Amino acid sequence: MSIDLANQIVTGILTGLVYSLMALGLSVIFGVVRVVNFAHGEMTALAMYAAWALATWLDLDPLLGMPLIALVMFGCGYLLQRGLIDSFIAKPEHMQFILLVSLAIIMVNGSLLAFGPDAHGVQVSYGFDTYEMGPLLVDKVRLLAAAASLAFSLALMVFFRRSKTGKAIRACADNLVGARVIGLDVRRLYAVTFGIGTACVGAAGALLSMLIDVMPPTGPELTLLAFIIVIVGGLGSMTGALLGGVLIGVSEVLAGYFLMPSMKSMFSFAILIVVLVARPQGLLGGRK
Amino acid sequence: MRRRIALLALLSAFVLAPLAAGPYLLSVLVVVMYMAYLGQAWNIMMGFAGQLSLGHSLYGGLGAYVTAALFVNWGVPAVLGLPAGIAVAVAAGAVVGALGFRFGVKGVYFALLTIAFAEFTRVLFEHIPSLGGTGGLFLPVGSRDGVDLLRLRGHPLMFYYLILAMAVGAFLLCRRLLACRIGYQWLAVREDQEAAQALGINVFRAKLAAVMLSAGLTAAGGVFFAFYYNTLFPTQAFGMGRSIDIILAPIVGGLGTLFGPILGALILTPLGELITWGTEALGFKAAGLKQLCYGLSLLAIVKFLPDGVWPWLRRRIGFDPADDEEEGT
Amino acid sequence: MTAPSPLLLVENLVKNFRGLRAVDGVSFQVNAGDIVALIGPNGAGKTTVFNMIAGSLQPDAGRIELAGRSLAGLRPDQVCRAGVGRTFQLVKPFGNISVEENVVIGALRWTGDVAEARRLAREVLDLLGLADKRRLPARSLTLPDRKCLEVARALATRPKLLLLDEVMAGLRPAETDRMVAIFQRLNRDSGLTIVLIEHVMRAVMALSHRVVVINSGKPVCEGGPAEVVRDPRVLECYLGEEAARC
Amino acid sequence: MPVSRFPFVSRRDFLAGTAAGAAALGVGGSLRPARAAQPLKVGLLLPLSGSLAREGQSCKRGADVTPALMADLGMPVQLMIADTETNLDTARTRAEKLIADGAEVLIGAFESAQTLAVAQVCEQRGVPLVINIAAAPNITEQGFKTVFRNFPTAPRLVTEGLALMKEMFKTSGTTPSKAVFMHNNDTFGTAMAGAVGKLFPTLEMPFPIVETISYDGAARDLAVEVGKAKATGADLLILVAHGEDSIKVIREMVKQRFEPKAVVSPGSPGMYEVQFYKTLGKYADYSLTNLPWINPHTKMSQALLTAFGKAYPDALFEMNVGFTFEAILIAADAARRAGSTNPKALLDVLPTTNIADHVMIGGPIVFDAKGQNTNTRSATIQNFGGRPKVVFPAEAAEARVVFPAPGWQQRG
């Protein structure tokens with residue numbers, strides 16, 4: 001294996017880890033609230049704008065801004081679920097789809113109005129630095145972002161395993177009726193879950209703002225990417241989202257390296273089709 | 001009876017509309033009819049058979065590309081290219097349907113499968129140089145004054161009456177289908193697949209029929225698109241945005257109803273124009289504001305009229321479906 | 001072996017769910033014109049047996065024949081077209097379409113003519129006392145009416161064999177009696193063969209010619225209704241369940 | 001950026017401030033209005049929202065400063081701006097609407113598909129269309145009688161772009177040994193790639209193209225793409241980007257330490273845009289782009305540049321601005337010559353357009369039988385200190401070319 005390829009694969013893994021965090025949010029929301037967030041990428045784009053604004057106006061490094069953005073996005077997600085999405089939970093999928101597509105349209109054009117059509121990227125002082133690890137060249141920003149993403153994901157997993165709220169949320173996901181019977185406030189837990197999902201998006205958006213530039217059309221692109229990752233990993237599975245992110249990161253690298261780069265997304269969609277047909281629960285998803 | 005009179009009145013209004021409408025209104029009406037037609041086609045799959053397709057642009061795009069490529073490269077007139085375009089789209093529908101239904105890909109997963117196929121095809125067509133790739137496939141425009149239905153070349157008025165005829169045809173076809181065995185089978189499948197199967201319905205075949213028919217009709221719509229605009233680009237033909245456009249009218253109008261797609265198209269396209277006009281009249285010219293308002297309107301509609309406008313409206317004006325035996329829901 | 005082949009033959013049926021043996025060697029026969037009740041405590045595997053006959057589940061072992069023809073590997077719709085109508089324990093009405101249309105769909109099993117299907121649907125609805133509700137959307141029906149609708153739909157397919165899964169549960173005694181009378185009439189007038197799963201003993205006693213008892217997936221005994229209820233093994237399996245619950 | 005949100009405020013500021021600059025246009029004297037100033041109604045169709053919003057709004061900035069300049073030339077125009085939303089249906093409907101609202105000439109529409117949709121409307125209605133930007137050759141091959149394009153087709157851009165490269169090698173005395181060609185797989189990029197594929201072998205270039213890499217502009221990052229280019233060992237990167245993807249390419253090149261002698265575009269947007277300079281800082285310097293550019297030395301361009309700088313202090317002058325200005329100029333000039341704003345009258349005189357005094361580098365604006373301006377010319381611009389400067393052709397040059405460019409690490 002050539003050094004170039006090895007370099008690219010490392011890049012793919014690191015970038016994939018950041019996308020995983022975004023996809024994780026989608027997975028958590030679907031796994032518990034059973035709503036497919038078709039505005040996921042748009043929310044990520046909003047978080048990227050937020051990170052850009054903090055970096056530009058307050059000179060705040062996105063790595064430090066990440067918790068703040070995640071917190072604010074948690075609040076937004078909580079309120080959005082309470083105010084709007086909750087009434088659509090029992091509705092058929094196409095209604096949820098239209099609801100979230102309308103939200104997406106609003107977000108895309110709202111950001112066009114607010115931030116204009118230009119690309120916004122955060123330029124950190126170490127933006128162009130690379131580490132030399134033996135023959136490998138590792139991009140510092142990617143490495144930091146991937147590490148932060150991994151840390152956030154792990155913290156979230158611990159939250160779901162250990163904390164009372166986390167356990168209660170898992171109970172809702174496993175057995176909704178049972179959860180109601182033992183007196184859990186399902187509506188509040190759903191809102192919290194949606195908030196957690198959007199917090200993931202917030203954190204991921206903050207990190208992504210260092211890797212890619214955000215423009216109004218960035219959102220829809222990210223939505224599709226998040227879908228591919230969670231379906232491949234397993235919709236509703238947390239580790240699945242992590243694995244899916246890395247897999248798609250690496251597969252896009254391989255497709256780009258050995259085929260034509262402009263065809264790499266075709267490769268991802270092909271993987272999506274195969275997984276949907278052969279193993280709809282995803283690689284790590286359990287059977288319902 | 002009242003219903004029939006109302007329908008006839010509406011139809012004559014559409015037939016006579018060009019007399020009153022200038023070219024601008026005519027171009028809006030073309031889009032309205034085009035969306036109504038596509039909505040009707042999509043409605044067969046989702047509204048009748050309950051299969052959510054979010055990648056319907058696939059079929060329209062295939063129909064458009066095949067027919068247009070035949071015309072551009074070998075001068076095959078649209079009338080002869082159309083069956084080929086429809087055949088390819090129907091075959092694609094069969095593949096998507098067969099894979100999805102055979103392997104039990106359900107609900108949201110099926111919807112994602114349809115998106116995946118459409119997006120896959122989009123990127124694929126971006127890499128077919130003989131069809132123009134991302135550079136686009138341009139149809140020779142030719143004369144815009146005559147009426148040549150064979151080649152689909154001619155005056156915008158011809159295109160208007162063509163798409164009107166297609167929309168009316170699709171409406172009548174759906175009406176007929178709903179009164180047939182297959183129509184009832186679709187409704188059963190939509191409502192409960194297990195119960196449908198227990199009543200002797202071959203669910204797989206019924207769903208496949210819905211997808212294939214819907215795909216074929218959508219493909220014809222795509223052919224209209226190609227010959228009306230004379231350009232085809234993978235993003236515009238197969239993109240997610242096109243798919244969303246297709247499904248909005250029937251959902252806003254009323255899913256599964258015959259009149260829903262028409263009403264939805266009659267609401268949405270003029271709504272867009274109205275918002276543009278309104279924001280401009282009020283002096284707001286910021287780009288994106290129109291779509292923002294459009295998104296808000298859409299949100300309001302799904303929030304307050306979740307079953308669509310037509311079911312709500314027909315209760316108000318007393319066109320209850322129970323009064324009409326022929327009508328489905 | 002006696003000469004006439006039974007309408008339904010079930011032999012040594014076995015079904016496992018994740019290592020759990022839900023049905024274990026159940027056998028019975030139903031002759032044309034019979035009304036047979038399948039009884040047993042909750043979780044005995046009755047519905048699983050039904051699902052295997054109806055094609056919703058494939059047995060792991062054993063034989064199911066309808067009038068001498070194997071039903072192995074057939075899908076539910078093929079079983080239906082072979083002449084088996086069924087109802088679901090958890091009713092599955094087509095909620096958003098009218099009651100009449102629900103039944104029309106059943107009738108379209110044997111005819112492509114919607115008008116003809118509609119005629120039969122109205123007959124069946126008359127028979128089951130749903131005629132005045134035929135225009136309502138099915139989701140607006142009460143549970144007893146939904147059970148009736150379930151039966152009406154199955155009847156409209158013109159089955160040779162009707163599988164009824166707890167259609168009397170939740171009915172008031174008077175309604176139960178009416179339902180029993182309807183089935184008796186159908187059985188008498190058109191020779192409809194019926195297999196029913198039922199907990200309402202009042203219906204079982206009145207309706208069935210023969211009763212098959214199963215428990216924990218295994219056959220317990222078989223005989224006339226009067227003789228079965230006196231069988232100590234039957235009592236034991238019901239009591240055992242009660243004891244286990246305490 | 002914020003400026004684009006409040007174009008009206010800025011324009012008013014500008015109107016007050018640039019009277020002097022506009023008066024200095026000089027040409028005003030020779031172009032006295034032939035009739036009392038009844039403004040020409042110009043319908044402008046641009047993708048102000050949707051995926052091409054950035055480019056569309058850049059064109060709009062050019063349009064916004066134009067009416068005042070035209071008024072000073074005695075050629076009053078009234079702009080009616082419509083948003084195509086980067087959508088075919090909308091483009092066509094908006095075109096009809098503009099005509100219904102009284103537009104006498106249409107200008108647009110930046111993107112080829114929408115331009116063709118608009119062209120058909122114009123042809124039908126007998127209203128002239130002056131294309132500001134759209135490179136697909138097909139548009140002028142349809143036999144339209146109402147379509148005039150003041151923008152080079154892709155083959156012409158490439159021919160000129162490659163010729164300028166040769167000139168640069170000759171001047172600097174350095175010639176790269178092999179090149180890698182990266183292009184965005186979008187409408188424009190494909191047209192350019194097709195032209196490169198066809199023309200490169202015929203132009204006797206002193207280096208081979210060892211690999212062609214097409215990439216998806218929507219790709220989140222371009223790490224693999226750049227890695228692949230680096231692996232070819234090429235010492236020249238020919239780049240046809242769309243806009244922001246040029247940033248992604250350079251950023252990855254720095255990170256992956258891919259240092260060819262130069263990054264040069266044979267005519268594409270991206271490397272001379274504000275965002276490029278802002279994001280990349282010193283790494284933005286020395287990139288080369290060969291494309292039609294404003295001739296900084298004419299009086300009219302001085303006036304335009306001054307007006308533009310006043311109206312949009314944060315924005316940089318771009319090709320989009322210049323061509324949108326010129327499209328309006330062509331329409332206004334036709335109205336002056338026809339002595340009428342009637343579309344039919346405009347159509348009569350548009351084929352005989354001959355505007356010697358304009359802003360972009362190149363000969364007088366004239367149209368051939370197909371409605372194509374064959375006198376457009378490309379220039380080579382190179383970035384210095386966060387600004388694009390013309391280095392070729394000599395008569396328009398503002399700076400001397402630097403080739404090969406210093407490595408990433410050698411930059412202050």
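This is a predicted model: local features need pLDDT of at least 70, side-chain atom pairs count only at pLDDT 80 or more; totals for chains, interfaces and linings use all residues.
Student: Let's begin with chain A. How many residues of chain D are in contact with chain A?
Tutor: Happy to start there. Contact here means heavy atoms within 4.5 Å. On the chain A side, 42 residues take part, and on the chain D side the number is 38.

Student: Which three residues supply more of the area that chain D buries against chain A than any other three?
Tutor: Let's take the total before the parts. About 3,500 Å² is buried between chain D and chain A, with carbon and sulfur atoms giving 53% of it. Of the area that chain D buries there, 24% is supplied by D:Arg220, D:Val224 and D:Lys255.

Student: How far apart are the closest N and O atoms of A:Lys264 and D:Glu225?
Tutor: Good one to check in your viewer. The rule finds six salt bridges across the interface of chain D and chain A. The cut-off for such a pair is 4 Å between nitrogen and carboxyl oxygen. A:Lys264 and D:Glu225 form a salt bridge, and their closest N and O atoms are separated by 3.0 Å.

Student: Which helix of chain D gives the largest share of the side that touches chain A?
Tutor: Across this interface there are 14 residue pairs in polar contact. Several elements of chain D each supply at least two residues to the side touching chain A, including helix 4 (53-72), strand 7 (209-215) and helix 10 (245-255). The largest share, seven residues, comes from helix 9.

Student: Now to chain B. What area do chain D and chain B bury between them?
Tutor: The contact involves 34 residues from chain D and 35 residues from chain B. In chain D, the residues losing the most area to chain B are D:Asp89, D:Arg92 and D:Gln124, together 20% of what that side buries. Carbon and sulfur atoms carry 51% of the total, which is about 3,000 Å².

Student: Which residue of chain D meets B:Lys290 in a salt bridge?
Tutor: Across the interface of chain D and chain B, the rule finds three salt bridges. In one with an N to O distance of 2.9 Å, the side chain of B:Lys290 meets that of D:Glu85.

Student: And which helix of chain D gives the most to the side that touches chain B?
Tutor: Strand 2 (77-83), helix 5 (88-100), helix 6 (112-125) and helix 8 (187-199) of chain D each supply at least two residues to that side. By class, the side has 10 nonpolar, 14 polar and 10 charged residues. With nine residues, the element that gives the most is helix 6.

Key
Residues are numbered from 1 along each chain as its sequence is written. Chains are lettered from A and ligands numbered from 1 in the order in which they are written. Side-chain values use heavy atoms; hydrogens and water are left out. Buried area is the accessible area (1.4 Å probe) that two parts lose on being put together, summed over both. A polar contact is a pair of N or O atoms within 3.5 Å; within protein, one must be able to donate a hydrogen and the other to accept it, and residues adjacent in sequence count only if both atoms are side-chain atoms. Helices (H or I, at least four residues) and strands (E, at least two) are DSSP runs, numbered from the N terminus. Ala, Val, Leu, Ile, Met, Phe, Trp, Tyr, Cys and Pro count as nonpolar, Asp, Glu, Lys and Arg as charged, and the others, Gly among them, as polar.
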